[in-house]
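Reader: I am new to this structure. Please take me through one part of it closely.

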Amino acid sequence: MSDKKKGIILLLISAFGFSVMAAFVKLSGDLPSIQKTLFRNAVSAVISYGFVFHYKERLFGKWENQKYLLLRSFLGTLGIVFYFYAIDALILSDAEMLNKLSPFFTIIFSAIFLKEKPMKFQVVAIIIAFIGTLFIIKPQFSVEVLPYLLGLASAVFAAGAYTVLRVLGNKEKSYTVVFYFSFFSTVTLLPFVIAFYEPMTTIQLVYLLLAGTFATVGQFGITLAYKFAPAKEISIFFYSTVLYAAIISVFVFQQTPDLFSVVGYVIIFSALSYMYVKNNRQAKNGNETES
């Protein structure tokens, strides 16, 4: 099996892991988003600690990378809290689609903070994706739009975290970064969870532990996938999360996205496909030029 196929399979497994995680988060019921986030990341911290310990790596990374690790963890924590809020308040596939807008925001942040000039086709893709987002959010001057805006905010903060990861590059091992983020979010959210703790039933606790387990499957799946193939060649397959989420929404929660949302999905997928094809074509032309 080629490395690219391995990467695609791992991304599909990762997408499934994150989709099942989202389903368990929603199934856990009316609990504060910070409480759900803490349990999700506490499980990830324990599992990623095992990897760091096994490979005898640094738990908290190198001193010179602390500001990047802290910023990545802070942005990532906010992203997950907002994402979990959106999962609870929206149809699962809507929350997934809004959260998966992060690559478009990553392009914008990379242009602003890393001075990476975006290509014309990337700008076109961002505009198309924004139009698709409007179909999902259906803007209105009402409190009902808040969960959609927070779902969008989850993508913004996730993109900020990914931009910082680009700066980190290969300066830290992936499992060190995962542990640092999971540990940071667990410690920082713990005081809020204690202050606003909502009692849980046994089944709610089981759901949150399962959410953390499947989140870890997703996290390591995506990390390993990008070791086998570049993100620009395979990243589009990660958007199978929206398909998984739509199936789960219908069969588990009996929720069906409305026509406007479906139109929004199609528009955003079109923007993703366009960017994916253009990225691959550009990479191929660059390789031919070098040879």
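Which residues does F104 touch, not counting residues up to four places away in sequence?

Author: First, the ground rules. This is a predicted model, in which local features need pLDDT of at least 70 and side-chain atom pairs count only at pLDDT 80 or more, while totals for chains, interfaces and linings use all residues. Residues are numbered from 1 along each chain as its sequence is written, and side-chain values use heavy atoms, with hydrogens and water left out.

Now F104. Its partners are A125, I126, A129, I268, A271, L272 and M275. Touching here is contact, meaning heavy atoms within 4.5 Å.

F104 sits in the largest nonpolar core, which has 54 residues. Such a core is a set of buried Ala, Val, Leu, Ile, Met, Phe, Trp, Tyr and Cys residues joined through side-chain atoms within 4.5 Å. Buried means under 20% relative accessible area, with a 1.4 Å probe and protein chains only. M21, I87, L101 and F104 touch the most other members. Helix α1, residues 3-27, gives the most to this core: 11 residues. Helices are DSSP runs of H or I, at least four residues long, numbered from the N terminus. A second, separate core has 7 residues, including L38, V81, L189 and V193.

Why might such cores form? In soluble globular proteins, nonpolar side chains tend to be buried together.

Step back to the whole protein. Buried residues make up 48% of its 291 residues. The secondary structure comes to 12 helices and 0 strands, with strands being E runs of at least two residues. Of the contacts with a separation of 6 or more, 89% join residues 24 or more positions apart. The C-alpha atoms fill a box of roughly 60 × 50 × 40 Å along the principal axes.

Notes: Buried means under 20% relative accessible area, exposed over 50%, partly exposed in between (1.4 Å probe, protein chains only).
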